[in-house]
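Dear colleague,

I am handing over the structure that you will be working with, and I would ask you to keep it open while you read. My notes on it come after the display.

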Amino acid sequence: MVSGAPRYATATEAALLDVLAAIRHNCTLEEAAERGRLLPNHQYWMRDGEQLLELLPYPAAFQATAELAARAELKLDFRHSRFPGFTAPPGLSPDQYLEQLCRRGLPGRYPPQSPEVEARLLHELRVIAKCKLAEFFLIVWELMDFARREGIPAQGRGSAADSLVAYLLGITRVDPIAHHLLFERFLHEEMQGTPDIDIDISSAHRERLIRHVYDTYGQDRTGMVCTVITFQARLAIRQVGAAFGLPQPVVEKLSRSVDRWYGKGEQALVAQLLESGGEHPEQVLTALAWRQFARLVEAVVGVPRHLSIHVGGMLVTGEPLWDIAPLERASMPGRVVVQFDKDDVEDLGLIKIDLLGLRTLSVVAETLQELEDATGERPDLEALDLADPEVYAMCGRADTIGVFQIESRAQQQTLPRTNPREFNDLVVEVAIIRPGPIQGKAVHPYLRRRQGREPVTYLHPLLEPILRDTLGVILYQEQILEIAMQLAGFSAGEADRFRRAMNRHRSRVEMTSLEQGFLDGCARHQVSKEVAAELFEAVRGFAEFGFCRSHAAAFARTAYETAWLRLYHHPAYLVGLLNHQPMGFYHPSVLVEDAKRRGVKVLSVDVNLSRGRCHLEELLGVPAAPRQFGVRLGFNYVRELGENLRERLDQERELGPYRSPEDFWRRTELPRPALDSLVMVGALDSFGESRRKLLWRLKAVEEALTGSRPLRSASAKGQDDRAVIPDAEEAADFPAAQPRQGQLLDLPAEPPQLAELTAMERAAADYRIMGLTTGAHLVSFLRPQMDGLGAIPLAEVRKAGRGTRVLTAGLVITRQAPHSAHGMRFFTVVDETAQLDLVLRPQVYLAHRAWANHEPVICAEGVLQVADGVMSLLVERLVQLPGASLMAKEPSPTDSLFPAPSAHDYH
């Protein structure tokens, strides 16, 4: 036998292997060489037969190797073991039982049953039977049926929404007939693997559903699918820098200086690395050390680093997993991770169920529960009219902060232009702000046609029925499949190769290999070469990021429901949002300020009225009907109050209200840091004393506790009540220590005269402890400085006309750096009056980058742009707010004493 024992494909990858070896062993390249961790030379690249024969002149060995390779045969056919089995009722086969369940669901979904529905159902059942997938549908149906019985919010999405069978079984909630969804995107007769059914589950209930799968099919046949974690830019810089032996401060500075989306190529990376040091990239790009470092960082980015657990994929098999896949134990006892990723599982034809935690479903569930608890009524979202004009009007105004899928800056820029008026418009809105349509150059043509500024045209008459409802542009994967089948004559299986190519990182290579077949097929259908080439380029734009229509429709349904809840039940919806952070695009403070501007009353924490979580509270003394409710902040927003302490407060509060601060202290025995936090956010204000006086009293109370050491002031975060319980060694030093109840001494001494906290000091305490405030907006305290600079409030900016030059300022809540924007940056700022988008050209951004990426409040001067109801400020310069004069008197919002909420920086 003969082998070149290659370790890498080409000779140029030798240095990369050395660096990865040093990273793996957590040492420098020099140390790795000294310890024998590196290969002795750089000759371990893959040679062809002729090159290897020159090094190893043993022809017989080459012949023997070829003969053995020809005899070797590996079969990875798991079709006989991919299902754990499903027991149908006596006398029925799985296919018969599946049809029975579907027909049972027909009257509820389609009261007047049409021939179209019957034909579609028979077609899908025939394909399912031919592919032997009835058990797969029944397994998922049983899982969803369990979720319904247990009250677990769950819904199918993704390509499964293309299936009428899935809709009739209650797996999905979107009508595939009404929304023209293509079944072949989900399943076709030539499919060798198993179709995907993604199930979104309330994050708060997901573990119960996973536990049900384990209990039903057994731990030996159930495992979590893995995912391959790769090096990203900043981690690659840190670890390659460590392998090079660069000083830690230098490595950290370099990693922080590089955007997550720095672009491709070593020169782009070097430019950003040097930019942070104030050097000009063009002067040192030729330096060998920099080029070598950048080249290796670029090579490391995207390389697999370790295996992790897929966000929701579960593998269920008919035979024990250890006979099918390599396994490793998960951190949770009784769980295993299958060392196949989602693509491996699909290729092998195994059954995977994606149980994906979706916080929005938890938000919706809690919103409905709050409404039922407060009013006795629970809205039925299944019966919602999806044509409420008020909901679409709200979306058209881009008034969508907190609404699922359509709250981002890019969505808010698009909504006034698309002006959705019906549900299918919302489906388009969910799908259009995606890399696929952007790279396919479909966004701007669609918007122009939607606004009537460009006629609706089709490259070929055969495209009209496929692209009619998207105004002649390609927005969905299903449309690409239809184009491949209708114009290029692809079979469903060949079109599925397009789908698979779109969903994988190697998709561009696969798409290129299919190009000639696509062009040839179009030629056979009398499609010109030029039109076929243009179509293929549009398809290529979807290669990695294509969005399927069924997925968009499922998300659009949830988007509509959350918009409806925000419009008609904003207080209850805000409760749900606040109790399930982090999620979405905005910090909780942004959600609260948005609700306040819309008239929602947000009430601060109160020891007698708050609970462990935020909740609805009826507003008393409001002369209005029906009853009105505000949002009472919960103890979950108070720093130093962990879960154990919140549970203790809830339990103690059930025994009756607290009569005084001392009564609260006696009954709860909270650690001092928790008490300080509660006092500083006003949770004891209802007792009628100032916060400074209460802090004084707490100190006196602490000193009055006999037989107990003073409480430690260390943070109780994560420690809860351990902060006030001495350990065994400490207890020996305090033998008289007893429970504090009954030991509190009343002190007759009056506290000194202490000034009340100013509004700014109260707001500072709120932001420092809760990350938000129910009082005045942070920016309002900087208004004198802004007035001094001539910066006007954002509400006044929004009243100005197009082309007006303005100077304004606000708190940054989002920063965005899209690949497709060629260096442009987009910020969103808010103040106490309104919200505004800022557009920064590359030169403006680079001139202020050192602080613009981190400063919470910025001042911007530029020209107002207004188009189609969308307003933004084209920034010409950024100004830092002066803080020295303010700092002399009281803390500045930009100072660490006044921590502003962080912005959402995303791509």
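What follows goes through salt bridges, strands and aromatic rings in turn.

Please bear in mind that this is a predicted model, in which local features need pLDDT of at least 70 and side-chain atom pairs count only at pLDDT 80 or more, whereas totals for chains, interfaces and linings use all residues. Residues are numbered from 1 along each chain as its sequence is written, and side-chain values use heavy atoms, with hydrogens and water left out.

Salt bridges

A salt bridge is taken here as a side-chain nitrogen of Lys or Arg within 4 Å of a carboxyl oxygen of Asp or Glu, and by this rule the count comes to 46 salt bridges. One of them joins D145 and R148, with 3.9 Å from N to O. These two residues are three apart in helix α7 (residues 134-149), and therefore about one helical turn separates them; helices (H or I, at least four residues) and strands (E, at least two) are DSSP runs, numbered from the N terminus. An α-helix has 3.6 residues a turn, so residues three or four places apart point the same way. D145 is partly exposed at a relative accessible area of 23%, and R148 is partly exposed too, at 43%, where buried means under 20% relative accessible area, exposed over 50%, and partly exposed in between (1.4 Å probe, protein chains only).

A salt bridge also links E252 and R238, at 3.3 Å from N to O. This pair connects distant parts of the chain, since E252 belongs to helix α11 (residues 248-257) and R238 to helix α10 (residues 233-244), 14 residues apart. E252 is partly exposed, at 21%, and R238 is partly exposed, at 30%.

Between E617 and R632 the closest N and O atoms of the salt bridge are 2.8 Å apart. E617 lies in strand β9 (residues 615-618) and R632 in strand β10 (residues 629-632), 15 residues apart. Here E617 is buried at 17% relative accessible area, and R632 is buried at 9%. Salt bridges that share partners also join R173, E382, R557 and E561 into one network.

Strands and their pairing

Strands β8, β10 and β9, in that order, form an open sheet with mixed pairing; two strands pair if DSSP finds at least two bridges between them. The edge strands, each pairing on one side only, are β8 (602-603) and β9. β9 and β10 run antiparallel and are joined by four bridges, and H615 stands opposite R632 in β10.

Elsewhere, strand β15 (residues 870-879) is mostly covered, with eight of its ten residues buried. Strand β13 (residues 835-840) runs parallel to β15 and is joined to it by four bridges, with D837 opposite S872 in β15. Strand β14 (residues 857-867) runs antiparallel to β15, with nine bridges between them, and V866 has M871 as its bridge partner in β15. The hairpin of β14 and β15 has two residues between the strands, and D868 takes a positive phi near 55° there.

L356, in strand β7 (residues 351-358), is buried, with 10% relative accessibility.

Aromatic rings

Rings of Phe, Tyr and Trp (its six-membered ring) pair if their centres lie within 6.5 Å, and planes under 30 degrees apart count as stacked, over 60 as edge-to-face and the rest as tilted. By this rule the count comes to 14 aromatic pairs. F86 and Y97 are stacked, because their ring centres are 6.4 Å apart and their planes are at 20°. F86 lies in the loop between α4 (59-71) and α5 (94-109), while Y97 is in helix α5, so the pair ties together parts that are eleven residues apart in sequence. F86 is buried at 16%, and Y97 is buried at 10%.

Y110 and Y167 make an edge-to-face pair, because their ring centres are 6.0 Å apart and their planes are at 70°. Y110 lies in the loop between α5 and α6 (115-130) and Y167 in helix α8 (residues 164-168), so this pair ties together parts 57 residues apart in sequence. Both Y110 and Y167 are buried. Finally, F136, F137, F183 and F186 form one aromatic cluster.

With kind regards
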